[in-house]
Amino acid sequence: MAAVVLVAAPASGQGKTTVACALARLHARRGARVRAFKCGPDFLDPQWLALASGASVDTLDLWINGEADCAARLAQAAAEAELVVVEGVMGLYDGEPSAADLAQRFGLPVLAVIDAAKMAATFGALVHGLRSWRELRWAGVLANRVGGARHAAMLQAALPPEAGWAGALPADGRFALPERHLGLSAAGELPDALTRLDAAADALASTPLGARALADWPQWVPPPVAAPAAPQRRLDGRRIAVAHDAAFAFVYPANLQTLHALGAETVFFSPLAGDALPDCDAVWLPGGYPELHAEALAARRDLAAQLAAHLAADRPVWAECGGMMALAETLVDGQGRQHRLWGLLPGRAVLGQRVAALGPHCLVFGRGELRGHSFHWSRFETGLVAALHTEPARAGAGLPLPPGEPVYELGALKASWFHPWFASSPELTARLFSPGALA
């Protein structure tokens, strides 16, 4: 058993990532074994949670992962750690499934984080709504960006005792987590990232939440779960080269684990660092921020030639989102500058000024479906005809479904905006890294 808490909020931008990281960092510094998760598909928040907790971070989504996968990951974490922190997504009740769905399904206590900078008694009404909208196990409420002791006292006075006042954090630039398009800045790119987390943990330590010993928290008993069946080793003996640096940073640890369970060996290389393409049977170009490093990537004509030779030998390349952008003939960055990229996929990738696609999708082919999500600001202008399209999972009540994401196939190259969760179908994942068409 372990202490488990789901850190939620009434909306995005309230500070739940900061609080979840501060809680994980505070108890990791005290010597506790801490595990963290992110609710919903996300590549950036997990980097901060991993830095705070000192352990790898998986995402939990009842539709993308599936209920059994979520249960197994939570149960394993609770068996290994003394504290498990789950960071919610958007508002507590937003999304299908929502953070509240996850909390209700597994009986996770909910800690609400609320930006109280411009409110007083309304704070109590907001907490009442969060607590009573659905029946959830409640862990308390933490006020964020509070103006001072008097403001905190006003907020606490607006709450009934059963709401569980967990304290207040000030607005403080020392532990603010910077943002850009797609979400938070990557933790690994900031030299003071750990300093920021330590400052947040120090501030949390002076609150009732931070002062509470883990032994005093309600202990969470995981539901009984069956051990997942090991997949057939369809990639046995295959070596997969994975691009991994600031331009290609969007990799789920669980996806690597799935490749290893399929029998593959993975080896990392950094296009930004000048690494040559390793000797390999297949290549994975994950998502990331190629638009922020377009000039450096454009200079890698040697790597473009190596990838072309790899494809000419009928060896597969799977390129997702930012990985697909790097293969385009041209990339247009946020300032409108055009960069000649690697030219292995005819077309032009153009960074837009707003979200172009966001939501869960599945790719249906073969005898199953590969689940995942789409989130990008860019568009891809090409004359290629898609071999397949993903299917959006939902659009909300009364809303039309968004379009599916195209999946392009050009010889041994497969590319899409789609970010798959490999564990949802190891069999179909193996097809991405094997010779032969998907369609």
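In what order do the four strands of the open sheet stand, and in which sense do they pair? The order is β22-β18-β19-β25, and the pairing is antiparallel. Here, two strands pair if DSSP finds at least two bridges between them, and the helices (H or I, at least four residues) and strands (E, at least two) are DSSP runs, numbered from the N terminus.

Before going on, keep in mind that this is a predicted model, in which local features need pLDDT of at least 70, side-chain atom pairs count only at pLDDT 80 or more, and totals for chains, interfaces and linings use all residues. Residues are numbered from 1 along each chain as its sequence is written, and side-chain values use heavy atoms, with hydrogens and water left out.

One of the bridges sets Cys 362 against Glu 391 of β22, while His 361 has Pro 392 as its partner in β22. With β19 (residues 368-376), β18 pairs over nine bridges, again in the antiparallel sense. There, Gly 359 stands opposite Ser 374 of β19. The hairpin of β18 and β19 has two residues between the strands, and Gly 366 takes a positive phi near 60° in it. Seven of the nine residues of β18 are buried (under 20% relative accessible area), so β18 is largely enclosed by the rest of the structure.

Now for some helices. Start with α1 (residues 16-29) and α2 (residues 45-53), which pack at an angle of about 20° with their axes 7 Å apart. Axes are lines fitted to C-alpha atoms, for helices over the stretch in contact, and angles run from 0 to 180 degrees between N-to-C directions. The two helices are therefore roughly parallel to each other, a label for angles under 35 degrees. On the α1 side, Thr 17, Ala 20, Cys 21, Ala 24, Arg 25 and Ala 28 meet Asp 45, Trp 48, Leu 49, Ala 52 and Ser 53 of α2. Sorted by class, that contact has seven nonpolar, two polar and two charged residues. (Nonpolar covers Ala, Val, Leu, Ile, Met, Phe, Trp, Tyr, Cys and Pro; charged covers Asp, Glu, Lys and Arg; the others, Gly among them, are polar.)

Then there's α7 (residues 193-205). Its axis and that of α2 come within 10 Å and cross at roughly 70°. That makes α2 roughly perpendicular to α7, a term for angles of 65 to 115 degrees. Trp 48, Leu 51 and Ala 52 of α2 make the contact with Ala 193, Leu 194, Arg 196 and Leu 197 of α7, where contact means heavy atoms within 4.5 Å.

How do α1 and α7 cross? Their axes come within 8 Å, at roughly 85°, and these two helices are therefore roughly perpendicular to each other. Among the residues in contact are Cys 21 and Leu 26 of α1, and Leu 194 and Leu 197 of α7.

Last stop: Gly 107, in the loop between α4 (99-106) and β5 (110-115). Leaving aside its neighbours within four places in sequence, Gly 107 is in contact with Arg 137 and Trp 220.

Terms used
Angles under 35 degrees count as roughly parallel, over 145 as roughly antiparallel, 65 to 115 as roughly perpendicular and the rest as oblique. Buried means under 20% relative accessible area, exposed over 50%, partly exposed in between (1.4 Å probe, protein chains only).
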